[in-house]
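Hi,

Here is the structure I promised to pass on.

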Amino acid sequence: VWNAYNADVQRSQNQQSGMMGGLLGLGKLGVSAASAGMFSDIRLKRDIRRIGALPSGLPLYQFTYAWGGAPQIGVMAQEALEMFPSAVSVHDSGYLMVRYDLIG
């Protein structure tokens with residue numbers, strides 16, 4: 001599960017780097033999406049299914065974003081906030097983001 005999670009996070013980062021760069025200006029700054037934060041707010045996700053947990057115990061889910069696209073694997077920001085508060089931030093939109101590089 002951990003290896004599949006890492007592979008899916010990498011694929012997601014590659015696919016979303018354009019979107020995140022546009023939203024946050026990261027492309028011009030050369031900052032990776034994982035270190036800047038990924039939209040992980042439960043309010044942005046649909047078809048959520050728990051598939052396991054990270055070694056830290058943080059639940060891991062498969063889901064699709066509300067705007068569509070391929071299924072993704074990741075965490076819910078609201079749960080990450082309880083275990084890793086320094087890894088969660090609030091985007092200008094009001095949605096929570098998780099820095100995956102800080103959650104182990």
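This is a predicted model: local features need pLDDT of at least 70, side-chain atom pairs count only at pLDDT 80 or more; totals for chains, interfaces and linings use all residues.

Residues are numbered from 1 along each chain as its sequence is written, and side-chain values use heavy atoms, with hydrogens and water left out.

The protein chain has four helices and six strands (DSSP runs numbered from the N terminus: H or I of at least four residues for helices, E of at least two for strands). Reading from the N terminus, the order is α-α-α-β-β-β-β-α-β-β. Of its 104 residues, 41% are buried (buried is under 20% relative accessible area, exposed over 50%, partly exposed in between, with a 1.4 Å probe and protein chains only). The protein chain exposes about 5600 Å², and 54% of that comes from carbon and sulfur atoms (Shrake-Rupley areas, 1.4 Å probe). As for contacts (heavy atoms within 4.5 Å), take those between residues at least 6 apart in sequence: 45% of them join residues at least 24 apart.

Now the sheet. Three strands make an open, antiparallel sheet in the order β2-β3-β4 (two strands pair if DSSP finds at least two bridges between them). At the edges are β2 (45-53) and β4 (72-74), each pairing on one side only. From one strand to the next the twist averages 30 degrees (axes are lines fitted to C-alpha atoms, and angles run from 0 to 180 degrees between N-to-C directions). Six antiparallel bridges link β2 with β3, residues 59-65. Ala 53 has Pro 59 of β3 as its bridge partner.

Finally, how many salt bridges does the structure hold? There are two (a side-chain nitrogen of Lys or Arg within 4 Å of a carboxyl oxygen of Asp or Glu). Arg 43 pairs with Asp 41, with the closest N and O atoms 2.6 Å apart. Asp 41 is buried at 0% relative accessible area, whereas Arg 43 is partly exposed at 45%. The other salt bridge joins Asp 101 to Arg 99, with 2.8 Å between the closest N and O atoms. Here Asp 101 is partly exposed at 41%, and Arg 99 is partly exposed at 27%.

Cheers
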